[in-house]
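Let's take a tour of a protein model together. Have the viewer ready, and follow along from the overall fold to individual contacts.

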Amino acid sequence: MEKWYLMTIVVLIGLTVRWTVSLNSYSGAGKPPMFGDYEAQRHWQEITFNLPIKQWYFNSSDNNLQYWGLDYPPLTAYHSLLCAYVAKFINPDWIALHTSRGYESQAHKLFMRTTVLIADLLIYIPAVVLYCVCLKEISTKKKIATALCILLYPGLILIDYGHFQNIYNSVSLGFALWGVIGVSCDWDLLGSLAFCLAINYKQMELYHSLPFFCFLLGKCFKKGLKGKGFVLLIKLGCTVVASFILCWLPFFPEREQSLQILRRLFPVDRGLFEDKVANIWCSFSVFLKIKDILPRHIQIIISFCFTFMSLLPACIKLTLQPSPKRFKFTLVSCALSFFLFSFQVHEKSILLVSLPGCLLLSEIPFMSTWFLLVSTFSMLPLLLKDELLMPSVVTMMAFFIACATSFSIFEKTSEEELQLKSFSISVRKYLPCFTFLPRIIQHLFLISIITMILLTLITVTLDPPQKLPDLFSVLVCFVSCLNFLFFLVYFNIIIMWDSKSGRNQKKIN
């Protein structure tokens, strides 16, 4: 009983922080003609409620796709429609066709924030609690501490409640987490169904698709493809096909409907990257303008090759040696590969890497905390644009203090705690003096934190040179990208040098 009482307190703390952050002004408030991402979600409710389903994704006089046209999968549209029915009941003016554009009021803001909070309560937060409860070989205190730290992760809170992104990230991430729990607990069909719902809510969940595929395929190989493994493979295939058919059923009668949705979901015309995103292509463009030099199709081929090659080793290892622990590390590694190298990446896509990063807090608390701080810092230009400096500082400090006190992260920097012992032993066969890796990582952590603090102070206190107006934003992206490259190497080292002797590691039952 005491465990659930403490878990309830943790959930209440997470909800309080979320609601407090939501009291700030939202993205694009009072800024016509587009009014920001908040307006996008309201507009989708207007469109889905007032227009027939066949017109949701098509340009028309009633649905100008240049004005926040719907560009997410069907489940997002259905969710918008559900919210629209509630909005219609409260105040029809909120979703009136055409006349509701740019609608702003305190009552409507309260309604929109409440929908995000309810989505968290129904999908994301229960998944976090169940995940932490199912952690094995750690005390109840550590389970509660893990739940607290995950719920206090500032990146998701600032985007969903401060910036108010144009899609409820906690819904897709929550479905993905239910999928992680399912396949890790051998509820493979339920896990597959949950992850299919995640993809059909937000197409960027494809960042996590290969680890799910490889983990489940590895399970089938392990059971034997001539016996139980083949039966499991058939069941999984039927589950995936059935879930996609149900989600897309209203759009199947006409082939052009499905093709138009796909065109909206994957708009290659937007280019290699958007805004100031902390990936390779944006950072490298400081030295070479790839977007201007190479044709679009060459950019797509290059980004695909880099992405595929960077995630291939981890996926092969997971397929050949499937385990819940390796699955979690491969999730974060593959998602980070997609973020760093894939085509058409947005800065908020780092949240897709942060979810599996949160799941590693009980495994590698020091490195996971560091990574999650960098992931939030990488969105600094966006957060400052939305006047979220104070909420960003407060939530990041609260998260860091919670992690530092709950896990004693500065005491968890030995080779074993960093899960680098196998790698270090392999290196010492050829270089006996290789005993300084933990000290190097500690120094890199200090350099990283100091750099982030200095860049934040410079960005908010100084004006950039007139000839270089984006200087500080580019520096934030470049520094974040360097950190992410380091983490990509680190996660892959753990995956490739992980051995069966690590059975004592904490993992989901």
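## Ground rules

This is a predicted model, in which local features need pLDDT of at least 70 and side-chain atom pairs count only at pLDDT 80 or more, while totals for chains, interfaces and linings use all residues. Residues are numbered from 1 along each chain as its sequence is written, and side-chain values use heavy atoms, with hydrogens and water left out.

## The overall fold

The protein has 22 helices and 0 strands. Both kinds of element are DSSP runs numbered from the N terminus (helices: H or I, at least four residues; strands: E, at least two). Along the principal axes, the C-alpha atoms fill a box of roughly 70 × 65 × 60 Å. The radius of gyration is 23 Å, which agrees with the value near 23 Å for a compact globule of 509 residues; this radius is taken over C-alpha atoms, and the globule rule is 2.2 Å times the number of residues to the power 0.38.

Of the 509 residues, 56% are buried. Here, buried means under 20% relative accessible area, exposed means over 50%, and partly exposed lies in between (1.4 Å probe, protein chains only).

## Aromatic pairs

The model contains 34 aromatic pairs. Rings of Phe, Tyr and Trp (its six-membered ring) pair if their centres lie within 6.5 Å; planes under 30 degrees apart count as stacked, over 60 as edge-to-face and the rest as tilted. One edge-to-face example is Tyr153 with Phe399, at 6.2 Å centre to centre and 75 degrees between the planes. Tyr153 sits in the loop between helix H5 (140–151) and helix H6 (154–163) and Phe399 in helix H19 (residues 389–407), so this contact ties together parts 246 residues apart in sequence. Both Tyr153 and Phe399 are buried.

Phe306 and Phe341 make a stacked pair, because their planes are at 25 degrees with ring centres 6.0 Å apart. Phe306 belongs to helix H14 (residues 296–320) and Phe341 to helix H15 (residues 324–341), 35 residues apart. How accessible is Phe306? Phe306 is partly exposed at 45% relative accessible area, whereas Phe341 is buried at 9%.

A ring can also meet a charge: the charged end of Arg101 sits over the ring of Tyr67, 4.0 Å from its centre. The rule is that NZ of Lys or CZ of Arg is within 6 Å of the ring centre and within 35 degrees of the ring normal.

## Salt bridges

There are 12 salt bridges in the structure, each being a side-chain nitrogen of Lys or Arg within 4 Å of a carboxyl oxygen of Asp or Glu. Asp120 and Arg18 form one, with the closest N and O atoms 2.8 Å apart. Asp120 lies in helix H4 and Arg18 in helix H1 (residues 2–22), so the bridge ties together parts 102 residues apart in sequence. Asp120 is buried at 1% relative accessibility, and Arg18 is buried at 1%.

Asp470 meets Lys276 in another bridge (3.6 Å, N to O). Asp470 is in the loop between H21 and H22 and Lys276 in the loop between helix H11 (255–265) and helix H12 (280–284), so parts 194 residues apart in sequence are tied together. Asp470 is partly exposed at 39%, and Lys276 is partly exposed at 27%. Asp498 bridges to Lys325 with the closest N and O atoms 3.2 Å apart, and both residues are buried.

## Two backbone spots

Most residues other than glycine have a negative phi. Glu137, not a glycine, has a positive phi of about 65 degrees. Glu137 is in the loop between helix H4 (106–133) and H5 and is exposed at 58% relative accessibility.

Gln344 has a positive phi too, near 60 degrees. This residue lies in the loop between H15 and helix H16 (351–359). Is Gln344 buried or exposed? At 15% relative accessibility, Gln344 counts as buried.
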